Amino acid sequence: MGLELRQQLKLTQQLVMTPQLQQAIKLLQLSRLELVESIQQELMENPFLEELDADVVDTAPATDNLDDYESAHNDAQSRADEDLMRTADWENYLGEFSSVTKQSLGRELEVPEEGLSFEARLTSKPTLDGHLTWQMRLSNFSDRDIAIGEVIIGNLDSRGYLQATAEEMSDQLPGVELSDIDAVVRRIQRLDPVGVAARTVQECLLVQMEVLGLDRDPTLVSIVRDHLEDLEKHRYKPLIKKFRISMDDLKEYLDLLQTLEPMPGAHFSTGEPQYVSPDVFVYKHGQDFVIVLNEDGMPRLQLNSYYVENVRAKTPVEKEYFQDKVRSAEWLMKSLYQRQRTLYKVMESIVRFQREFFEHGVTKLKPLILKEVAEDIGMHESTVSRITTSKYVATPHGIYELKFFFNSALELDDGTQVGSESVKALIKQLIGEEDSKHPLSDEQIGEVLKQKLEVNIARRTVAKYRTAMNIESSSKRKQVF
């Protein structure tokens with residue numbers, strides 16, 4: 001077999017992800033906080049990029065709608081490159097992206113700087129560990145007891161329950177007897193909050209009953225120690241028969257138990273509330289809905305005129321570096337413009353598809369998929385998916401994630417469809433309005449949905465939606481008293 005070299009022409013097509021394209025795609029899926037952080041990082045690294053002064057931004061001419069801005073942007077792009085580098089200040093490269101001006105809305109969108117409450121200005125919240133340690137040091141705990149107590153406190157979970165045995169803690173305390181550890185545990189259980197460092201719910205409640213003087217009733221003590229599961233599952237008749245008490249007496253015991261705290265450490269939870277800053281505002285203005293992008297805190301960028309006009313490259317390496325940084329700055333500004341433009345168009349399409357939701361609320365939410373919005377605005381489905389990730393909109397009915405508007409469909413008897421979120425909202429409404437002594441079963445809820453929405457929904461589907469909303473079954477929702 002002979003070997004030879006040959007030249008062959010072959011036509012192929014492939015997609016190349018340039019760094020600029022990767023940056024544009026990355027900006028699409030960033031949240032507002034991540035986007036601001038990314039812009040600040042670029043401002044630190046790129047000397048040809050700078051942020052507009054507040055005075056310049058305030059005096060910049062306003063753009064009332066997207067079309068006006070696009071035409072202005074296209075005119076600027078058509079200029080000569082040299083003239084663009086010298087004269088373009090990019091003051092209004094993002095525009096207002098609003099179908100009407102803010103003044104015509106008759107409302108002030110800016111948040112006052114001094115509007116924070118005193119509680120929001122505190123440096124840190126008290127923790128359960130710090131609260132207990134502070135009490136131990138103010139009490140008559142010896143240094144040895146404080147050392148034991150610190151190990152005990154270090155083994156508490158977020159609810160305030162002790163997650164380690166005395167034997168396990170003794171491994172961290174060489175030379176300490178198990179009886180000494182148990183003695184310190186009992187003393188900590190009497191600190192505030194009472195019942196902390198308990199190992200079980202029964203022990204936690206019994207400690208609180210002892211401190212409050214409720215442990216003198218043997219019936220109540222027996223109910224807590226041996227029959228909490230019966231109370232949870234509403235098995236009252238066996239308890240009445242066993243303790244020979246009336247239903248009214250049992251109700252008094254239940255009222256007493258409800259005054260106790262089964263999770264004493266929950267008030268010191270370290271979980272901080274997550275505050276959402278909407279990316280888009282949708283307002284009702286006359287018969288139309290107005291879309292306004294939230295630009296509060298978003299840096300306005302421009303090319304640094306001093307560097308562009310005065311800095312000259314002396315070597316090919318410097319020239320390449322300068323050109324690369326200028327292109328990077330221009331591409332970042334264009335990418336930000338494209339991101340805001342895409343977000344505006346997607347929100348505009350969602351408002352068209354879900355107009356009844358913006359008019360009447362969640363119960364009127366229609367089924368919607370990403371493909372429908374993508375076809376409506378002439379973009380790829382993946383682009384719509386990225387721009388709706390971690391983005392929130394403030395509507396007349398509350399703040400929702402953009403992904404919320406995309407939900408599956410259930411077929412109605414007349415051939416039309418209803419969104420699954422609308423069905424969930426109606427299920428939640430029915431359960432909220434039910435008689436607590438005669439709660440609706442999943443099958444009864446399905447019958448009501450069939451009457452109101454004319455939708456055939458199985459009992460297991462109702463149970464699935466109810467479980468997804470963390471709503472208990474009818475047997476656990478039933479209130480005997």
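Phenylalanine 405 is buried, with a relative accessible area of 0%, where buried means under 20% relative accessible area, exposed over 50% and partly exposed in between (1.4 Å probe, protein chains only). Phenylalanine 404 also counts as buried, at 18% relative accessibility. This is a predicted model, in which local features need pLDDT of at least 70 and side-chain atom pairs count only at pLDDT 80 or more, whereas totals for chains, interfaces and linings use all residues. Residues are numbered from 1 along each chain as its sequence is written, and side-chain values use heavy atoms, with hydrogens and water left out.

Phenylalanine 404 and phenylalanine 405 form an edge-to-face aromatic pair, 5.7 Å centre to centre with 80° between the planes; rings of Phe, Tyr and Trp (its six-membered ring) pair if their centres lie within 6.5 Å, and planes under 30 degrees apart count as stacked, over 60 as edge-to-face and the rest as tilted.

## The aromatic cluster

A search of the whole structure finds 12 aromatic pairs. One of them joins phenylalanine 357 and phenylalanine 358, edge-to-face at 5.1 Å between centres and 85° between planes, and both of these residues are buried. Ring pairs link Phe289, Phe357, Phe358, Tyr400, Phe404 and Phe405 into a cluster.

## A charge over a ring

The charged end of arginine 187 sits over the ring of phenylalanine 141, 3.9 Å from the ring centre, a term that requires NZ of Lys or CZ of Arg to be within 6 Å of the ring centre and within 35 degrees of the ring normal.
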